[in-house]
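Trainee: Can we go through this one together? I'd like to start with an open side of it and then jump around.

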Amino acid sequence: MNRFLTFKQKLILTYMVFIVLPMSVLGLGAYGLYSDAMEKKVSDFAQQVAVSTASNIEMYIRELEQFTLMPYYGRDFQDTLTDDRGADPLLSIEVKETIEKNFSFWQSQRGSVENISYFSKPGVGQERIYSLGYLPPDLEVGKLPWFETFSGSDEIVTYLSLHQPASTDLIQNTPPPKVFSLIRKIYKSSTILITSGFFQVDFTLEDIERIMSRVNREKNGSFLLIDRDGQIVYSGDPVNEQLLAHIAEPPSDGQDRQIVSMGSQKNIVVHHPVGKMGWTVVGYVPVSQIVSGIMQVRNSMILIGVVCIVLALIVSTGISYQITKPIYKLISLIKRVETEDFQIQYDNPPRNEIGQLIRSFIRMSRRLDETIRNLYQAEIVRQESELQALKSQINPHFLFNTLETIKMKAEIDEADATVDMITALGKLVKTSLHAGNDFNTFREEREYLNNYFYIQDNRYASRFDMTIDVEEELMEWYIPKLLIQPLVENAFYHGLEMKQGKGKLSVAIGREESHVKVVVTDDGLGMSPERLLRLRQSLDDGKQRLSQDEKSIGLANVFARIGLYFGSPYTMHIDSRPGEGTEIVLLLPPIKSESEVNIYVSRHNRG
């Protein structure tokens, strides 16, 4: 059984849709905008922290660069350090002790200094290496990882990212903490054009950890330091390898922030480079931590939405009941009228559109009751009138049979002209009486018109020249019966009959492109432009009345039949000039078989 919604249910449903849908869209939109705003705010804050942290580390690195200038603070020490002349072994030991004491003093000035070393440039004088730590005896300066690139460049200082110090890894049982290094070229005091050696200072991450720990106090996110090779320089917490693979490289589109997804977990990641060291400060904040901060807002919005929906349901139900109550009353009145009970009543209908509808329906039912009574009485009168009219009608078959009797009498009296006229008239009447066929062939239509012309020629004593011309190709095509004869008759009685002298009337039937064209032309009295305009307008507007007093009844009949049978673009055109005659053109479809005839006949009957 098919179920349907009542008007009340539809009204309630409509109220709910137009209340719940906007509220849901508004709530979801507000929640989404708030989430996006919070995400952007956190992202901006993280970016600011990354920029500030990177700036602090850069300032720290510049301080370290200043620290590596220690060999230049005393010219005597610089000369001692860069002296490449051979000396007494005892004097060399004393120089070594003096230099390493200065190194030790400098180390005490900054707690993050792990080791200080000096390497003379290979190939320049005597090879000299000074260091606070133990260096392998087979150490070759030319094979150090930084030497080849740095020694031949124009740079004064180079930087080594986090690495294992070479000065202690052979004397400790456990690997020492990794360090990063600054290496400065040292020139002789007498010239700055020749590099004498390289001053290397290894620093622990003590100061870096102090800087980074200040920004990692909050647990909502984490900041770490990575180098250009993706190696972690510093991280307060262990970093997931999968996350590290995503955040190691900055975004290729140049953005300083990105969203990194790992399964269902999303993270806001920010980057900012740390100057010359090739390091990058990377911060990441899980989006879930941001969302958790607005869960209370979401829950409050859901609670408010549920309360509003309940209130909307209660209010919409009440409004729907007030609206539909008179409608159901109107339905009950309509059902009473369906049972032919027209004496209906509704006390105090509402003062709105529904009340107006109820009042109009009550008035309509009363007028309907009165109309039915009047129609019943009129039907009785009409039936009595038709009965009297039937008694006075002339039976067309009786007329045809009478014509046959007169024809036989004329033949007996040898009145040949009379016989021919009666024969022609009989054919006309017989064609008119032939039932069950609305269409003729053009051959039959031509024969019908020839009989009509014969009668008119004898009646008017050959006052008119009448011709009919049909293309041979169209002879077996079809045309609605009696479509041309009214036009010919109209030409006789309204155009040629009152003309002085001999008149001409012609019917030409031929094919023109995709139409069959019928042209009826006379050289009679014609029509004035005003009358022609009124006739065209009456036909186009469909207001032509088929009354006995109307002279154009034949034209209206033909125009209406073409429209009923065929429709657009098939029609009738009229052109006339006073004193020159009238031309009527019919445009008809080509109907070549009885099957096509049946199509037009069935369509006409359905219409």
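**Working through the model**

Mentor: Start with the second largest cavity: its lining residues divide into nine nonpolar, no polar and no charged. Keep in mind that this is a predicted model.

Trainee: Which residues line the second largest cavity?

Mentor: The lining is made up of F442, Y478, I479, P480, V516, F566, L588, P589 and I591. Strand 13 (residues 478-480) gives the largest share, three residues.

Trainee: How much space lies in the second largest cavity?

Mentor: About 30 Å³. The search of the whole structure finds two cavities of 30 Å³ or more.

Trainee: F442 is in that lining. Where does helix 12 come in, and how many residues has it?

Mentor: Helix 12 covers residues 442-459, which is 18 residues. From first C-alpha to last it reaches 25 Å, close to the 26 Å expected at 1.5 Å a residue.

Trainee: Which residues in helix 12 are buried?

Mentor: F442, E445, Y448, L449, N451, Y452, F453, I455 and Q456 are buried there. For the spacing, recall that an α-helix has 3.6 residues a turn, so residues three or four places apart point the same way.

Trainee: And what follows helix 12?

Mentor: A461 follows helix 12, and its phi is positive, near 55 degrees. Most residues other than glycine have a negative phi, and most peptide bonds are trans.

Trainee: What about L482, what is phi there?

Mentor: Phi of L482 is near 60 degrees, again a positive value in a residue other than glycine. L482 sits in the loop between strand 13 and helix 13. Its relative accessibility is 23%, so L482 counts as partly exposed.

Trainee: And E513, is that buried or exposed?

Mentor: E513 is exposed, because its relative accessible area is 73% and the cut-off for exposed is over 50%. E513 is not a glycine, yet has a positive phi of about 55 degrees. You will find E513 in the loop between strand 14 (503-512) and strand 15 (515-522).

Trainee: Where is the cis peptide bond?

Mentor: Between S568 and P569, with omega about 10 degrees. P569 belongs to the loop between helix 15 (553-565) and strand 16 (571-577).

Trainee: Back to helix 13. Why is helix 13 described as largely enclosed by the rest of the structure?

Mentor: Because nine of the 12 residues of helix 13 (residues 485-496) are buried. Those buried residues are Q485, P486, L487, V488, N490, A491, F492, G495 and L496.

Trainee: What about the protein as a whole, how many of the residues count as buried?

Mentor: 38% of the 607 residues. The protein has 16 helices and 17 strands. Among contacts with a separation of 6 or more, 63% come from residues 24 or more positions apart.

Trainee: New topic, aromatics. How many aromatic pairs are there?

Mentor: The structure holds 19 aromatic pairs. One of them is W146 with F150: the ring centres are 6.3 Å apart and the planes at 70 degrees, so the pair is edge-to-face. W146 and F150 are buried. F119, W146, F147, F150 and F198 form one aromatic cluster.

Trainee: Last one, E65. Is E65 buried or exposed?

Mentor: Buried, with a relative accessible area of 12%, which means E65 falls under the 20% cut-off. E65 lies in helix 1 (residues 7-67).

Trainee: What is E65 in contact with?

Mentor: Setting aside neighbours within four places in sequence, E65 is in contact with Y159, L182, R184 and K276.

Notes
Residues are numbered from 1 along each chain as its sequence is written. This is a predicted model: local features need pLDDT of at least 70, side-chain atom pairs count only at pLDDT 80 or more; totals for chains, interfaces and linings use all residues. Side-chain values use heavy atoms; hydrogens and water are left out. Helices (H or I, at least four residues) and strands (E, at least two) are DSSP runs, numbered from the N terminus. Buried means under 20% relative accessible area, exposed over 50%, partly exposed in between (1.4 Å probe, protein chains only). Contact means heavy atoms within 4.5 Å. The expected span of a helix is 1.5 Å times one less than its number of residues. On a 1 Å grid over the protein atoms alone, a cavity is a set of points where a 1.4 Å probe fits but cannot get out, and a pocket is an open set with protein on both sides within 12 Å along at least five of seven lines; lining residues have an atom within 4 Å of a point. Grid points are joined across faces, edges and corners, and a volume is the space filled by probe spheres set on the points. Ala, Val, Leu, Ile, Met, Phe, Trp, Tyr, Cys and Pro count as nonpolar, Asp, Glu, Lys and Arg as charged, and the others, Gly among them, as polar. Rings of Phe, Tyr and Trp (its six-membered ring) pair if their centres lie within 6.5 Å; planes under 30 degrees apart count as stacked, over 60 as edge-to-face and the rest as tilted.
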